[in-house]
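Please open the model in your viewer and keep the selection tool at hand. The stops below say what to select and what is there.

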Amino acid sequence: MRSKFTWLAVFAAFALIAAACGGDDEVDVSDFRVAIVAPSASNDLAFTQSIVDAVDALGISPSVTDGTFVVDDAAAAIRGYAAEGYDLVLAHGSQYGGSLEEIAPEFPEVSFAWGTSAETFGLDNVYSYEAASDEGGYVMGVMAAGLSASGNIGVVGPVETGDAKLYVDGFIAGAASAGANATATYIGSFSDVALASETAAAFASAGADVLTGTAQMVVGAVGVANDEGILWFGTQANQTELAPDIVVASQVYHWEVILEDIIKSVQDGKLGGEIYKITLENEGLVIEYNDAYDLPDAVKEAGEAAIAGIIDGSISTG
Amino acid sequence: MTSLDEVQKRRLLAYSVPILAVLSALVIGAIMLIALGADPIKGFSKLFSGAFGSTSALTETALKATPLLFVGVGITIAFRANVINIGGEGQMVAGGLLSTIVALNAPDLGPFILIPLVLLAGLVGGAIWGAIPGALKAYYGVNEILSTIMLNVVAVQLMNYLLRGPLIDPLEVEKGTRIPQTERLLESADLPRLFGSGRFHIGPLVAILAAVVAYILLWRTPIGYRIRAVGQNTSASRYAGIPVKRTIVLALTMSGALCGLAGAVLVFGSESHRMVTDGSTAGFTGSAGFNGIVAALFGGLHPLWTIPASFLFGGLLVGGLALQRAVQVPSALILALNGLVVIFVVSSDRFRKRLLERPPVVIEDDDNAQPTAVASSADPPGPAGGADPGGGET
Amino acid sequence: MSDLFTQSAIIAVIAGGIRLAVPLLVASLGETYGQRSGVLNLGVDGIMLLGAFGGYYTVLKTGSPWLGLLVGIGIGIIMGLVSALMAVTLKAEQGISGIGVFLFGLGFSDLLFQKWVGTPRPITKFPKLDIPGLSDIPWLGEMFFQHSVVIYLAFAAIPFSMWVINKTTFGMNIRAVGENPEAADSLGVSVSRVRWATVTIGGTLAGVAGAILAIDLGIFQQNITNAQGFIAIALVYFGAWRPLGIMLGSLLYGLVNALVLQMKVLEIIPNDWSDIAAMTPAVITILALVVVASRFSPPSALTKPFTRGA
């Protein structure tokens, strides 16, 4: 017994000494400090990458804690960054909301932004932001229908929730409006690349000639599409490089469009209380075409028409 | 030099072994930090201060350690019966789910009734999820490693289904976002906070209580005796009239119950006061089901020693997160570092045990002047290959 | 429901099931060698991840899937030796030393991926081989004989392992050491050398399994194995420590997965039941084992380190 207490005592002594010596942070007033807490990897070509790229695009080098899919760990990270006096903490995960609601009031000088969501809890230091991914989904669904000879289109989804569900629903609606039948299969995981791959193969064998999907596991599905010569529409990030021969277009999230506004507001003293949305209209969502793919003019026009219709409100994606 | 000094020296060396192991792992971690262009000194001082350097740090560490302790004690009970329970993840989920379902359907009976009720529900949920592999092993010969791994998968998918379906927060349905979470659970069921408005809740205390109860159970009750007997020698136990099959089921059930309790504490002690996941395998548990196994073995499979072991391992996990934030290395590095710590500590265990063996006592025979060695006594091997209780077992 | 019984659907399920089964099969086979000699290695998933990244990175840089496979073998050997050191010589507790390897593999593969690769890029896959003659058979040809080369190699490892374990001296030593190390030791068999060999084989095959997974998918992502390594370990028990059983177990798991997927794609399983459906492979595996009522018992010395004279 004595032994383990010795162990504990040594550890504790070490800790106290270290804590006394280290850990003082300089407060940097000249720069705007942004921290990001996100659930998947920064290079996932999907959700997390989109926000990291956006902050980089604004010329700010963010502090990032990625891979925190466990809500308690994310809460600890959010709290940690807030305590260290960051100006803006991006809680980039829909599941972080419940925790954020408790943390934000404790740090009234810090601005928090919660994505993807449309809820600020009535707190004046919480912003929220989301993507109207159904809009781009709809547009690409229309184009997919135009490109599909068999009328058979497949969607590979992770879990039917949040941003993924928005995109999938929009895509299916768009395809339907153009007379094609798109069906979605949710594989039940955000990270099972092999399963996503096999789902694409299953769609291929069922006769699909256009595919799309969302979340980081689709990289496997894109590979299969490439092998089978099936066309692909991407979302959240530009996926052209994954398969330059068959990727038609990607709905790219340009969060920087709204982040700029948020940052300006914070610097002006308003720390929260607004909901932001990236849309086709404010160019937070951009359909980026693969120049190497020869897109027939008729299809492109249909797509452009859809964009216009959504922007002026004549088309509803729901 | 008396033999007593010798023993003292060896004991001291033995207890420094795990510390040296951790330090060795951290040295490799430092090398990796340098390779990534980060400052290892700053990093490691943040590791310690983030884990132990302030009240809030200690609170976080205690909270992180709580599920580790529950799971670790549960694993210990199972290990003592020579059953390897890798199903902690699933059992935590099952306990979390049942306690949540109870909370969603129970009237507001006030904290004094509601809290024990939901914790009990967690216990029961986990117990069921442990009883299944227990029964499968005892009565159908299905190996528990297989069944517990498979049941982990089942539990997670069940949770995803329920949290996105029948149990989903009605607000989520309204907004159409459908995040897999329940509504905010009854306030009366919130685990009470201690020490003012801080984050420390009674969870760690319940866990410590559970560890003490487990110790008493294993060494002071007939049930515990049966469990340990079955773990040491199944056939001898059978000859002695111990109902081996029922004992195995009991051990796994109790193990599962503790993991289930961990799940319930996670839900009702959480910041968000609800059960939430993101759809991934460890989204709810944070891998506590696996990390708890590590804590159990760091504690030498002894419930009381699992308390400091969980606390220290929890500190490593919390400190690791602080290190990541401070020097901005990818979280993946912290994961790898945790792995290295486990590898080094587990690998060095042999040296620690060797040093704890009482050396042969030498008796000098005056007539012959020839030393006669009396048999050295190594601690008796425990279940699953030589895990010894590490002191204090009666 | 009738959509499921079309030619293309059935072929897709079987071919897909085989593809999903292969990494499981290879990793599980490797673990079998170790377990048969009495050593449990829970680190398989971590080794698979390291092998997967190594294989992916090599192909990314050199363009040759075969070099990637070679690197996967190399990484597997190294990690196998490390695992052997821990389990056999240092007699570390087999329940958790493996978990350390798993955590390390998961983190380190992701770390290198983020630092050395950044944004994932696709790589060349293994060439497909249509077995002349057989691949033209209607139905069966597409199901079995039009796969990538490594799949054939993986399946060839099964009868090879059966031969090694049952017909060679080495195999006999493995079995002896796993059942009764004291007796084997007294007969002059070096228990530790046999276990070093089997655990290293286990690590090697885990590394290969990971490399096959990544190269055949043509991409890498963090946690690309998604805990398949643990499924592989579970399948060792399902297969009763025999290569043929391993093969059947892996195929069962893979085929059920592929079937569920196909049913989802054909909308036979509605999206609301998606999560419940995802449990199916796990449930079926347990049920299958219960029904089969395993008469096989584990190697008696499994998880017990051996010390002469202890």
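The tour begins with numbering and confidence, then goes through the chains, their contacts and the core.

**Before selecting anything.** This is a predicted model, in which local features need pLDDT of at least 70, side-chain atom pairs count only at pLDDT 80 or more, and totals for chains, interfaces and linings use all residues. Residues are numbered from 1 along each chain as its sequence is written, while chains are lettered from A and ligands numbered from 1 in the order in which they are written.

**Confidence.** The predictor gives the complex an ipTM of 0.89 and a pTM of 0.87. Within chain C, helix α2 (residues 44-62) has the highest confidence, at a mean of 96, and helix α5 (residues 140-144) the lowest, at 80. Helices (H or I, at least four residues) and strands (E, at least two) are DSSP runs, numbered from the N terminus.

**Chain A as a whole.** Select chain A: ten helices and twelve strands make up its secondary structure. Its C-alpha atoms fill a box of roughly 75 × 50 × 30 Å along the principal axes. Of its 318 residues, 64% count as buried; a residue is buried if 20 or more other C-beta atoms lie within 10 Å of its own, exposed if 12 or fewer, and partly exposed in between, with C-beta atoms placed from the backbone.

**The two domains of chain A.** Colour residues 25-131 + 255-278 as domain 1 and 133-246 + 293-311 as domain 2; such bounds come from an automatic or database domain assignment. The centres of the two domains, taken over C-alpha atoms, are separated by 29 Å. Ten residues of domain 1 of chain A are in contact with ten of domain 2, contact being C-beta atoms, placed from the backbone, within 7 Å. On the domain 1 side, helix α2 (residues 47-57) of chain A gives the most, with three residues.

**A strand pair in chain A.** Next select strand β5 (residues 126-131) and β11 of chain A, which pair in the parallel sense over four bridges; pairing requires that DSSP finds at least two bridges between two strands. A:Ala131 stands opposite A:Ile278 in β11(A). Which residues lie on the covered face of β11(A)? They are A:Tyr276 and A:Ile278, whereas A:Ile275 and A:Lys277 form the uncovered face.

**Where the chains meet.** Show chains A and B together: their contact takes 49 residues from chain A and 47 residues from chain B. Helix α1(A) gives the most to the chain A side, with 13 residues.

**A helix in chain B.** Select helix α11 (residues 244-269) of chain B, where 23 of the 26 residues are buried.

**The core.** Finish with the largest nonpolar core, which has 358 residues; such a core is a set of buried Ala, Val, Leu, Ile, Met, Phe, Trp, Tyr and Cys residues joined through C-beta atoms within 7 Å. Those with the most contacts inside it are A:Ile78, A:Val89, A:Ala144, A:Trp232, C:Val26 and C:Ala234. Domains 1 and 2 of chain A both give residues to this core, so it lies between them. Centre on C:Val26: leaving aside neighbours within four places in sequence, its contacts are C:Ala154, C:Ala157, C:Leu205, C:Val208, C:Ala209 and C:Ile212.

Notes: Two residues are in contact if their C-beta atoms, placed from the backbone, lie within 7 Å. pLDDT is the predictor's confidence in each residue, from 0 to 100.
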